[in-house]
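Please keep the sequence and the model in view while reading.

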Amino acid sequence: MMNFVIGDLHGEITKLKSLIKLIEKKAKNPSLIFIGDYIDKGENSKELLDYLIELKDTYHTIFLLGNHEYYWLNINKNKNSILKYGGSKTIQDFKSKSIEECKTKILKNYFEIFDSLKPFYETENFFVCHSGLAKKDLEEGKVENLNFNLNRYDFITSKSFFKKKKIIIFGHTAFFSPYIDEYKIGIDTGACYLKEQPITSLCLETKLFYNSNEEIYGIDKIRKDICPVIIR
């Protein structure tokens with residue numbers, strides 16, 4: 001089985017379908033590991049969640065918790081964040097009149113996803129999480145303090161493997177192209193921000209990137225001596 005870690009989606013249903021179509025051409029029965037941030041900002045969050053349910057019923061899937069899912073699961077203390085960071089689009093997609101009504105619809109119809117959200121995923125060689133790890137936790141090999149308020153720039157410039165050997169795969173920070181250094185790989189390529197920006201996936205077995213622009217390329221094609229411009 002080939003395992004594909006898929007970057008931030010943010011409602012980009014058309015791009016996700018394009019990416020899955022490409023993956024299906026190359027892998028007979030892929031395992032799909034979604035890195036979080038399924039809703040808010042982009043094309044249509046409801047249609048994207050509908051499609052994720054279809055994929056869950058077809059393939060082995062793992063859903064990680066993104067900060068946007070965390071906001072919606074904890075709306076009492078995150079209403080401002082929901083509205084500030086694209087939640088109004090989700091409310092519109094679900095034809096709701098309020099954050100509360102929208103949350104009720106989401107949890108009622110997509111509990112299979114939201115009840116299964118995991119904070120991270122580990123293999124022998126990789127540690128996959130949504131936003132990265134705080135420097136102290138990274139150095140100590142701990143995951144108890146996973147959160148979304150870490151200093152993303154401290155994490156990106158950190159030079160530590162997780163548990164001294166595992167490469168970290170992360171999303172959350174949107175780059176124009178995947179970020180790679182010796183210790184980590186960033187796969188959020190800002191699909192919801194610009195029409196030409198794709199959803200990007202990394203195959204753990206082949207170390208090949210697949211994206212919704214129907215491109216497949218290797219890690220060796222990306223310069224490791226520079227940090228891609230961050231989309232913000």
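Accessible areas here come from the Shrake-Rupley method with a 1.4 Å probe. On that basis the accessible surface of the protein is about 11,100 Å², and carbon and sulfur atoms hold 49% of that surface. The model is a predicted one.

**Overall build**

- The protein contains nine helices and 11 strands.
- Its radius of gyration is 17 Å, close to the 17 Å given by the globule rule for 232 residues, so the protein is as compact as a globular protein of that length.
- The C-alpha trace spans about 45 × 40 × 30 Å along the principal axes of the protein.
- Among contacts with a separation of 6 or more, 65% are made by residues 24 or more positions apart.

**Burial and charge**

- Buried residues make up 56% of the 232 residues of the protein.
- There are 35 positive and 32 negative side chains in the protein.
- The centres of these two sets of charges lie 1 Å apart.

**Helix 6**

- Helix 6 covers residues 99-109, and its buried residues are Ile 99, Cys 102, Lys 103 and Ile 106.
- Viewed down the helix axis, the buried residues of helix 6 fall within an arc of 100°, so they line one face of the helix.
- Thr 104 and Lys 108 lie on the other side of helix 6 and are exposed.
- The packing partners of the buried residues are helix 2 (45-58), helix 3 (67-73), helix 4 (79-84), helix 5 (87-93) and helix 7 (111-114).

**Two loop lysines with positive phi**

- Lys 163 sits in the loop that runs between helix 9 (152-156) and strand 6 (167-170).
- The phi angle of Lys 163 is near 55°, which is a positive value in a residue other than glycine.
- Lys 163 has a relative accessibility of 42% and counts as partly exposed, a class that lies between buried, under 20%, and exposed, over 50%.
- Lys 207 sits in the loop between strand 9 (200-203) and strand 10 (208-211).
- Phi of Lys 207 is near 60°, again a positive value in a residue other than glycine.
- The relative accessible area of Lys 207 is 35%, and this residue is partly exposed.

Notes:
Residues numbered from 1 in each chain as written. Predicted model: local features only at pLDDT ≥ 70, side-chain atom pairs only at ≥ 80, totals over all residues. Heavy atoms only, no water. Helix = DSSP H or I, 4+ residues; strand = E, 2+ residues; numbered from the N terminus. Rg over C-alpha atoms; globule rule 2.2 N^0.38 Å. Buried < 20%, exposed > 50% of the residue type's maximum accessible area, 1.4 Å probe, protein only. Contact = heavy atoms within 4.5 Å. Lys, Arg positive; Asp, Glu negative; His and termini not counted. Charge placed at Lys NZ, Arg CZ, Asp CG, Glu CD. Arc of directions from axis to C-beta.
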